[in-house]
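Visitor: I'd like to learn how to read a model like this one. Could you take me through it, feature by feature?

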Amino acid sequence: MLREVAEYPNSFGPLSPGAERVETERYTLCLGVGSTWNTVQRQRFSLDELDEVLEEVRAHLRDRGRRRTQWEVGSKAPEGLVDALHERGLVRDGDGYAVALVLTEDPPRQEGLVARRIESFEEYAAANAVQWEAFESPASEVAEAQASLEQRYRDTVNLMHGVWLDGELVCAGTATPSDHGLLLYGGATLPRARGRGAYRALIRARWDDALALGTPALITQGGTMSRPILERLGFERVGEVHMLLDDFGGSGSIAR
């Protein structure tokens, strides 16, 4: 069960206001608040159904005014699905690959930093700004997120943690409580503060909250940058995920 949760966390966490999940027998389509936040997960169909599923997913998205989605393909997806999606024009999204990871034992503490849960809207706004800068988010996505920031802060089901270095918020991450543990997203450190233990401190703060909630596990995915440090902190590999982008524009055809 932890493998599936780690590979497809968005399919198992509680929905934020304005978010949506389309559950079918063949896949789960997760839609976030922002128009570009969409992902297809938990694929359960044969490859000869792929073209039909692609058009069905795109129809759901078009009905909601959306024109692109990520596909996250885990270790138990239909064999050959990643290659078949590439053949239909989908492209690798970012690194295109992540390892599903779970932590069930105490991570080390990091001295000399303040790490805790975000406590005010001002801190929430600053934490989002850290993530946008660290991930080099496109200006259009930042503008869309800023427009709904206050509402998201009021309505979110997520927790957010920050790390302060010499009084400056330099690292932030989002976490969603679930029955299986905290689902971790978006952990990032400003480039100028990297290498000083902020990310380790962030993991410890999230672990302490997981313990307090009675769900002693951290569940996440590690890409090229985060996987080595997560594994050094005790996260264990339980699966893998390939990430592809379907940018189909308004015509129903692949745009890339």
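Guide: Let's start with labels: helices (H or I, at least four residues) and strands (E, at least two) are DSSP runs, numbered from the N terminus. With that in hand, look just after α2, where Gly-65 takes a positive phi of about 75 degrees.

Visitor: What kind of model is this, and how are residues numbered?

Guide: It's a predicted model, in which local features need pLDDT of at least 70, side-chain atom pairs count only at pLDDT 80 or more, and totals for chains, interfaces and linings use all residues. Residues are numbered from 1 along each chain as its sequence is written, and side-chain values use heavy atoms, with hydrogens and water left out.

Visitor: What is the mean pLDDT of the protein chain?

Guide: pLDDT is the predictor's confidence in each residue, from 0 to 100. Here the chain's mean is 93, with 97% of its residues at 70 or more. Residues 251-256 stay under 50, and the model has 20 contacts for them beyond four places in sequence; contact means heavy atoms within 4.5 Å.

Visitor: Which residues of α2 are buried?

Guide: An α-helix has 3.6 residues a turn, so residues three or four places apart point the same way. Buried means under 20% relative accessible area, exposed over 50%, and partly exposed in between (1.4 Å probe, protein chains only). In α2 the buried ones are Leu-50, Val-53, Leu-54, Val-57, Arg-58 and Leu-61. They cover an arc of only 130 degrees around the axis, which puts them on the same side of α2; the arc is that of the directions from the helix axis to the C-beta atoms. Glu-52 and Asp-63, on the other side, are exposed.

Visitor: What do the buried residues of α2 pack against?

Guide: They meet β2 (28-31), β3 (38-41), β4 (68-74), α3 (81-87) and β11 (236-247).

Visitor: What is the strand order in the open sheet?

Guide: Two strands pair if DSSP finds at least two bridges between them. The eleven strands run β1-β2-β3-β4-β11-β5-β10-β9-β8-β7-β6, with mixed pairing. β1 (20-23) and β6 (114-117) stand at the edges with a single partner strand each, so one side of each has no neighbour in the sheet.

Visitor: And how does β2 sit between its partners?

Guide: β1 and β2 pair in the antiparallel sense over four bridges, forming a hairpin with four residues between them. Another hairpin, through six residues, joins β2 to β3. Cys-30 in β2 is the bridge partner of Arg-21, and Cys-30 also stands opposite Thr-39 in β3. Both faces of β2 are covered: Thr-28 and Cys-30 on one side, Leu-29 and Leu-31 on the other, are all buried.

Visitor: Which residues does Leu-2 touch?

Guide: Leu-2 lies in helix α1 (residues 2-7) and is partly exposed, at a relative accessible area of 32%. Leaving out residues up to four places away in sequence, Leu-2 touches Val-102, His-180, Ile-219 and Val-238. Ile-219 is 217 residues from Leu-2 along the chain, yet their C-alpha atoms are separated by 8.0 Å.
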